[in-house]
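Colleague: Could you take me through how to read helices and their packing in a model such as this one?

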Amino acid sequence: MINIPKIDIFYSIKEKNRVEIKIKGSKFIATAVPINSLDDFNKNLNKIRKEFYDATHNCFAYKFKLDKDYEGYSDDGEPNGSAGKPIYFIINKYELTNLLVVVTRYFGGTKLGVGGLVRAYSDATEEVLKISERKEIIVTKKFKLQCQYTELNTVKKILEKYAVKHLENFTDIIIIEVEVPNSLSEEFKETLYQTMKGKKIIID
């Protein structure tokens, strides 16, 4: 049974959620969306901006993991540091990633001041994340292996120790697609090499 290192486990949300709060006449609409790439981020941000094209502000923060960590935030015209950073702070407070949160504001006629804005954007973000169901994501590295039928049992013992999941394709040889926790990938390759006595079975 594989023991997945904590370094390879992180959390996002299962699906898009939205919450609206009102503060001194202003309406704050917080939209939380799971994302997995820069393309996801851009598409979802543009979609929300178009949906609320008439809003006073569409402030946001995002985080996601790919080949490296990506993150950013925007005040979208609000006073510097009053919107994007508070949204980003709450995302971190909930220990989430692979996530975009956009907080849309419709100005209600009463200025809130920088402190009031920080609280408003923080509260809106917190409210939407409170109702969002978390999902576990494991950072993995993919490999493709090939082996003979006589080698399958040996290879499967290694997969039981390292593979989060694997898919076998039986032809004249066996092709196996494998996902291994990222931090164990080098150890996995070395174990295969040593166990198979130097035979190269990783093909991709």
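Predicted model: local features only at pLDDT ≥ 70, side-chain atom pairs only at ≥ 80, totals over all residues.

Colleague: Which residues of α1 are buried?

Modeller: Helices are DSSP runs of H or I with at least four residues, strands runs of E with at least two, numbered from the N terminus; buried means under 20% relative accessible area and exposed over 50%, with partly exposed in between (1.4 Å probe, protein chains only). In α1 the buried residues are Phe41, Leu45 and Ile48. Seen down the axis of α1, its buried residues fall within an arc of 65°, taken from the directions from the axis to the C-beta atoms, so they line one face of the helix. The face turned away from that buried side carries the exposed Lys43, Lys47 and Lys50.

Colleague: What do the buried residues of α1 pack against?

Modeller: With contact meaning heavy atoms within 4.5 Å, they pack against β3 (26–34), β4 (57–65) and β6 (99–106).

Colleague: At what angle do the axes of α2 and α3 cross?

Modeller: Axes are lines fitted to C-alpha atoms, for helices over the stretch in contact, and angles run from 0 to 180 degrees between N-to-C directions. The axes of α2 (residues 84–93) and α3 (residues 113–130) come within 8 Å and cross at roughly 35°. Among the residues making this contact are Ile87 and Ile90 of α2 and Val118 and Tyr121 of α3.

How values were computed:
Residues numbered from 1 in each chain as written. Heavy atoms only, no water.
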